[in-house]
Amino acid sequence: MSYPHPGRRPGDPYRGGGFPAPGRRGPAGPPPGSYGPPPGSSRGRPPSSSGRGPGGRSVRLDPVLVECLVGVAWLTVGTLGLGADGAGTLLLAVGIAGVVVILVENRRRGSHPFDGARSADLLRFGGIAIGAIILVSVLLGLVSWSEASPGVAAVITGGAFLALARSTGQRPTQWLGVAVAVLGVLGVVIATQEATGFVSQGLLGLVCGLLLLLSAADRIGLLESLRDRIR
């Protein structure tokens, strides 16, 4: 007994129908390739609720905070070069107290940090400057000319501020970089004439630190407020 041939059934490869064309739905369900996530989608990775990439939020640095930190570093260098126990500690304490006043006033008046791109430039210039200062200090120590290290470090610091001023377009930062670089050149010249580090490190560090703190205070308008009170 023979059964009649049922004919070609679409979607059934065993009956000569083959698979349906892409995009067409056969009688047995969705077309092949429609299961699972669509092409290009990530598996097992939930969508970000913030809409940002895997890197997260960009870092935004406050220039007032940066100048205060660099200023304290230079004040520390200066107090170490003075060679006096009581005077160096007192000057460093006064400088730290000034930094606290500047930061509190900056918070009260509302800080104005750099955007992500300029903050990245600041981090890059700062990293290059720190690496260059360490390298130059080691090389100068090897040739027994470590007295010039503070002056060279000041030149590098001023160059970093000049590069930052070019990125941000802020003229006060440019003048600050020029002033610190000039002080560094003077420190190097003095180091060649004098064996002691009282001037080439002590006074140089104190003056550079004072300039940086004055620049931070001027950014938030604190110097202008003090001038108005004096008048």
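Author: A pocket here is an open set of grid points with protein on both sides within 12 Å along at least five of seven lines. The model is a predicted one, and its largest pocket holds about 600 Å³ of space.

Reader: What makes a residue part of the lining, and which residues lie nearest the centre of the largest pocket?

Author: A lining residue has an atom within 4 Å of a point. In the largest pocket 23 residues line the space, and V70, G126, A129, I130 and T157 lie nearest its centre. Helices α1 (63-82), α3 (116-142) and α4 (149-168) each give at least two residues to this lining, with the largest share, 9 residues, coming from α3.

Reader: How many residues of that lining are nonpolar, polar or charged?

Author: The lining has 19 nonpolar residues, 4 polar ones and no charged ones. Gly counts as polar in this scheme.

Reader: What is known of the second largest pocket?

Author: The second largest pocket has about 280 Å³ of space. Its lining is made of 14 residues, with V94, G95, G98, L210 and L213 nearest the centre. Two or more lining residues come from each of α2 (85-109), α6 (197-219) and α7 (222-230). By class, 12 are nonpolar, 2 polar and none charged.

Reader: Why is I130 called exposed?

Author: The cut-off for exposed is over 50% relative accessible area. I130 has 54%, so I130 is exposed. This residue belongs to helix α3.

Reader: Which residues make the nonpolar surface patch?

Author: I130, I134, L135, V138, L139, L142, V143 and W145 make a patch of about 810 Å².

Note on methods. Residues are numbered from 1 along each chain as its sequence is written. This is a predicted model: local features need pLDDT of at least 70, side-chain atom pairs count only at pLDDT 80 or more; totals for chains, interfaces and linings use all residues. Side-chain values use heavy atoms; hydrogens and water are left out. On a 1 Å grid over the protein atoms alone, a cavity is a set of points where a 1.4 Å probe fits but cannot get out, and a pocket is an open set with protein on both sides within 12 Å along at least five of seven lines; lining residues have an atom within 4 Å of a point. Grid points are joined across faces, edges and corners, and a volume is the space filled by probe spheres set on the points. Helices (H or I, at least four residues) and strands (E, at least two) are DSSP runs, numbered from the N terminus. Patches are made of residues with over 30% relative accessible area and no salt bridge: like charges are joined within 9 Å, nonpolar side chains (Val, Leu, Ile, Met, Phe, Trp, Tyr) within 5 Å. Accessible areas come from the Shrake-Rupley method with a 1.4 Å probe; for residues, only the protein chains shown count as cover. A salt bridge is a side-chain nitrogen of Lys or Arg within 4 Å of a carboxyl oxygen of Asp or Glu. Buried means under 20% relative accessible area, exposed over 50%, partly exposed in between (1.4 Å probe, protein chains only).
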